[in-house]
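I opened this model to take notes on its folds and contacts. Entries are in the order I looked things up.

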Amino acid sequence: MMSEDAGQMLIIYDDPSDQRSLSFDETSSTEESPDETRTSLETTNDAVPYIGQRFATHDAAYEFYSEYAKRCGFSIRRHRTEGKDGVGKGLTRRYFVCHRAGNTPVKTLNDSKPQRNRKSSRCGCQAYLRISKVTDLGAVEWRVTGFVNHHNHELLEPNQVRFLPAYRTISDADKNRILMFAKTGISVQQMMRLMELEKCVEPGYLPFTEKDVRNLLQSFRKSDQEDESIDLLRMCRNNKEKDPNFKFEYTIDSNNRLDNIAWSYASSIQSYDNYGDAVVFDTTHRLTAFDMPLGIWVGVNNYGMPCFFGCVLLREENLRSFSWALKAFLGFMNGKAPQTMLTDQNMCLKEAIAIEMPTTKHALCIWMIVAKFPSWFNAVLGECYNEWKAEFYRLYNLESIEDFELGWRDMVNSFGLHTNRHIANLFALRSLWALPYLRSHFFAGMTTNGHSKGINSFIQRFLSAQTRLAPILEQVAVAVDFKDQAAEQQTMQQNLQNICLKTGAPMESHAASILTPFAFSKLQEQLVLAAHYASFQMDDGFLIPDRYLPLRWRRISTSPAKLLQSSSSDHTEGVQLLQSMVSTLVAESAKSKERLDVATEQVSILLSRITEQPVTSQGTHDISPIHRNL
């Protein structure tokens, strides 16, 4: 029989907000005689809780109800505990409720702290299980005395219920594996893919999510993270003292800790002045050890090679942080906004660009979209995946908007993707990524997958083994230095290539002498395909409109006079200008023996004059890019 000790009843709520939002019918309490009940462990057929069901402990009852809830499409939580007041009285009754029981607790607003606008899942569901402690012949057990199985909300499917927080767990072995991965510097997404392969599960079927992994890594952050931030700021200030043209900005939170920080090198600012018309802002990477989003601004120079513009570390990925980052970037670049900016699918970033760069055309970077296709469509399409992907690229490259939309509809019908949310989302955003909608805007060729390899290779140079915060400044500088040196070699190689004319058109030979080999090859492709181009006879040759030969694609992207004027106060820029001129000199001289003889003779005379000039202290500077010593 159930014990009835006298004394005042104590009621303790696991969640204080439930005290105001949940009420249960006490009349549902039912007592059964011991002969009419059976312990749940006696048989495996106890699939559904029932009045009188018996458990050895209240934890055993909780585990049973939790497993039942998982099969049915919901999860549970502990609601309240009742007991007698007095020594030795202890617990007498416990309630377990649906995870959607109760209502959203009212939060006290604090102006000094940012508020998270997160929607609550609670909807006042009254489903619950009540167990009471029973003492029978000196033995203590717990008996089900109340059970309501009616929910006021839809129950989840098996492939959905596993995402509820109650069923997402990371074992100790998996925790150790994740921490080992974090030390190697790989991204959380890469960790998930590796563990899926190790456990032989389909993508998305691990018992935890990327968010759970990020939360785990956050919980293991070392206490010296604040010291790392101080070291990073100290390094930025030291670089500023060495090079006044190095720029950085940062913000501090209410606890005087580093919140956001952005920086750019002098050579990067010079590159942006020439090639900052089209920019990729890649925010898909993170510093794994600190779980901080890393944003990188990159572009393409006149030789078709990646050029670095700037870098930013953010505490959060929200509108406020992205707006700050864009303001800092504009500050580095003297207020000059790009014509176009390519980004990942991030609505906060999209809104920030519209606010901070209203004249900039924002578009979605196709290679960042395509990188998600395997996880989005591989399992859905199966053997048809490659066929679908080929059709997607065909539609992506169409000229006509009408043809694209008709083709998209046919593609959805052919592959049965009417209810696929990713397909619906892509179509809703089509004007931001599909080429038929973007052909009137300039993207420097970065709307193709070809440029993704070079940019990603550059980023991985300083991200692949990054486990600490402070060294990233130096590692980015080393990566930029390496990239610039490689670019100089590739530029020289391009200029030494013999250009083969294919059409015999005067405009082709004229373009070959003005454009870089990379840009000329793109123009030549169109010349070969074109039936004819309009040209105008002039006294000294032919005229090609300047808009078809933009400065940013020429061998010297800005006029030598402008560069010489700006380089008078900057030794390094002067050296870079000279290197560009020498590259052009070699390329032009190699086209014939006569040119080569003239060049050799004149350079010999010039070299003799140069060696007669005195050497100043400035002339002893290292001729490598200025960020080498950062």
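My notes go from the whole chain to single elements.

**Entry 1: the chain**

I am working with a predicted model. I counted secondary structure and got 23 helices and 15 strands. I then looked at burial: of the 630 residues, 44% count as buried. Residues 24 or more positions apart account for 63% of them.

**Entry 2: the open sheet**

I traced the strand order of the sheet. The open sheet has 7 strands, in the order β7-β8-β11-β10-β9-β12-β13, and the pairing is mixed. Which strands stand at the edges? I find β7 (247–252) and β13 (361–364) there. Each has a single partner strand, so one side of each lacks a neighbour in the sheet.

I looked at strand β11, residues 306–313, for burial. I find 8 of its 8 residues buried, so the strand is largely enclosed by the rest of the structure.

I took its partners one by one. Strand β10 (residues 292–300) pairs with β11 in the antiparallel sense, over 7 bridges. In this pairing V300 stands opposite P306 of β11. The hairpin of β10 and β11 has 5 residues between the strands. There I noted G304, with a positive phi near 75 degrees.

Strand β8 (residues 258–264) is also antiparallel to β11, joined by 3 bridges. Here A262 stands opposite V312 in β11.

**Entry 3: a parallel pair, and a helix across the sheet**

Where does the sheet's pairing run parallel? I looked at strand β9 (residues 278–287) and strand β12 (residues 340–343), which run parallel and are joined by 3 bridges. The bridge partner of V279 is M341 in β12.

I then looked for what covers these strands. Helix α8 (residues 266–275) lies across β7, β8, β9, β10 and β11. Its direction is at about 120 degrees to β11.

**Entry 4: helix α2**

I checked the length of α2, residues 58–72. Its 15 residues reach 21 Å from first C-alpha to last, close to the 21 Å expected at 1.5 Å a residue. I listed its buried residues: H58, A61, Y62, F64, Y65, S66, Y68 and A69. An α-helix has 3.6 residues a turn, so residues three or four places apart point the same way.

**Entry 5: α5 against α6**

I looked at how α5 (residues 188–199) and α6 (residues 210–219) meet. Their axes come within 10 Å and cross at roughly 115 degrees. The crossing is right-handed. From α5 I listed V188, Q189, M191, M192 and R193, and from α6, E210, V213, R214 and L217. What is the make-up of this contact? I find 5 nonpolar, 1 polar and 3 charged residues.

**Entry 6: Y128**

My last stop was Y128, in strand β5 (residues 128–136). Is Y128 buried or exposed? It is buried, with a relative accessible area of 1%; the cut-off for buried is under 20%. I also checked Y128 against Y95, 33 residues apart along the chain. Their C-alpha atoms are separated by 6.9 Å.

Conventions: Residues numbered from 1 in each chain as written. Predicted model: local features only at pLDDT ≥ 70, side-chain atom pairs only at ≥ 80, totals over all residues. Heavy atoms only, no water. Axes fitted to C-alpha atoms, helices over the stretch in contact; angles between N-to-C directions. Helix = DSSP H or I, 4+ residues; strand = E, 2+ residues; numbered from the N terminus. Left-handed = near helix turned anticlockwise from the far one by under 90°. Contact = heavy atoms within 4.5 Å. Nonpolar A, V, L, I, M, F, W, Y, C, P; charged D, E, K, R; others polar. Expected span 1.5 Å × (residues − 1). Buried < 20%, exposed > 50% of the residue type's maximum accessible area, 1.4 Å probe, protein only. Pairing = 2+ DSSP bridges.
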